[in-house]
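Please look over the sequence and the model shown here before reading on. The report below is meant to be read beside them.

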Amino acid sequence: PQEQFSQAPPPPVQVQYQAAPAPQQQRQRQYGVGILFSENIDPQTGRSQVLVKQVYPGGPAERSGRIFVDDMLTDVNGEDVTGKGLPELKNYIPGPLNSQVHLGFTNPRGQYYEVDLVRSSGGGADVGVIRTIAPTPQPAQQVPQQAAQAAAEATVGFSIQRDDGGVDLRIANVTPGSSAEQQGIQPDEVLKAINGSPVSGWPEDQIKRMLAGSYPSSLTVQTDRRTCTVARDCGVTPENAPPPEIAQP
């Protein structure tokens, strides 16, 4: 009889399919609040201090009318950030466009305040970027900070006081020859806003601090009769005024 041989079927061909790589997620652009920070070392505690070095014109911080140079950042969105350096804080303040961030500061007088800012793309080319400035060691002997600031500090050419009802703040006196006088501001006008921020109900000392600042500088004042820009041109004499900045070629 004829011998039959059965042929084994060929082994199945195994095909491996490699999944296509997922498209790389585009990094979302981050925006800031118009503040340039610097980092110092507190000579008493040895911990980092993050201070306001510059407030960019037209940015959210300037529009709030509350944040000034040398104010110290203390908390972000309710989290204490004292002692943290700029590299860590890069992940705290920038965020999506038009999102809100809650910041807490302590000014050089030791007064604490809080402010809500909306992240924006306006207010200068550097908005949205927190520049890292290397900590600089404090010299052994230096002029006290308050004395150094006093020579460069000025205020607007009018004083304010509460009205008899204790609600509104009114212009009390206007300094002759000041920018405020040139803009037509007169006694008894009701102060409504500073740099676009309503001041109704604010403490008087806080408003006086807003009116004061570095020399030379200016701010927008709104009363019940006018809105105008006035210079901080009072309280500084030619002897103690800082020299004007000369543009480099």
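## The model and its confidence

The structure is a predicted model. The chain has a mean pLDDT of 75, and 71% of its residues reach 70 or more.

One is residues 237–241, for which the model has four contacts beyond four places in sequence. The other is residues 243–249, for which the model has zero such contacts. Where pLDDT is low, the predicted coordinates should not be read in detail.

## The chain as a whole

The chain contains five helices and 14 strands. It has 249 residues, of which 37% count as buried. Its accessible surface comes to about 15,800 Å², and carbon and sulfur atoms account for 49% of that area.

Contacts can also be sorted by how far apart the two residues are in sequence. Taking contacts between residues at least 6 apart, 58% join residues at least 24 apart.

## A sheet of four strands

Four strands form an open sheet with antiparallel pairing, in the order S11-S10-S13-S14. Strand S11 (197–198) and strand S14 (227–231) are at the edges; each has a single partner strand, so one side of each is left without a neighbour in the sheet. Helix H5 (residues 204–211) lies across strand S10 (191–194) and S13, and runs at about 55° to S10.

Strand S13 covers residues 218–223 and pairs with S14 in the antiparallel sense over five bridges. A hairpin through three residues joins S13 to S14.

Along S14, Cys-228 and Val-230 point to one face and are buried.

What does Ser-179 touch, apart from residues up to four places away in sequence? Its contacts are Thr-229, Val-230, Ala-231 and Asp-233. Ser-179 is found in helix H4 (residues 179–182). With a relative accessible area of 11%, Ser-179 falls under the 20% cut-off and is therefore buried.

Val-199 is placed in the loop between S11 and H5. Its relative accessible area is 2%, so Val-199 counts as buried. Leaving aside neighbours within four places in sequence, Val-199 is in contact with Leu-191, Lys-192, Ala-193, Ile-194 and Ile-207. Val-199 and Asp-168 are 31 residues apart in sequence, and their C-alpha atoms are 9.2 Å apart in space.

Thr-74 belongs to strand S3 (residues 72–76). Its relative accessible area is 8%, so Thr-74 is buried too. Beyond its neighbours within four places in sequence, Thr-74 is in contact with Glu-79, Asp-80, Val-81, Thr-82, Gly-104, Phe-105, Thr-106 and Tyr-112. Leu-51 is 23 residues from Thr-74 along the chain, and the C-alpha atoms of the two are separated by 9.4 Å.

## Two residues with positive phi

Most residues other than glycine have a negative phi, and most peptide bonds are trans. Asn-98 has a positive phi, near 70°, and is not a glycine. Asn-98 lies in the loop between helix H2 (86–89) and strand S5 (100–106). Is Asn-98 buried or exposed? Its relative accessibility is 57%, which is over the 50% cut-off, so Asn-98 counts as exposed.

Asp-188 is not a glycine either, and its phi is positive at about 85°. The residue lies in the loop between H4 and S10. At 44% relative accessibility, Asp-188 is between the cut-offs of 20% and 50%, so Asp-188 counts as partly exposed.

Notes
Residues are numbered from 1 along each chain as its sequence is written. This is a predicted model: local features need pLDDT of at least 70, side-chain atom pairs count only at pLDDT 80 or more; totals for chains, interfaces and linings use all residues. Side-chain values use heavy atoms; hydrogens and water are left out. pLDDT is the predictor's confidence in each residue, from 0 to 100. Contact means heavy atoms within 4.5 Å. Buried means under 20% relative accessible area, exposed over 50%, partly exposed in between (1.4 Å probe, protein chains only). Two strands pair if DSSP finds at least two bridges between them. Axes are lines fitted to C-alpha atoms, for helices over the stretch in contact, and angles run from 0 to 180 degrees between N-to-C directions. Accessible areas come from the Shrake-Rupley method with a 1.4 Å probe; for residues, only the protein chains shown count as cover.
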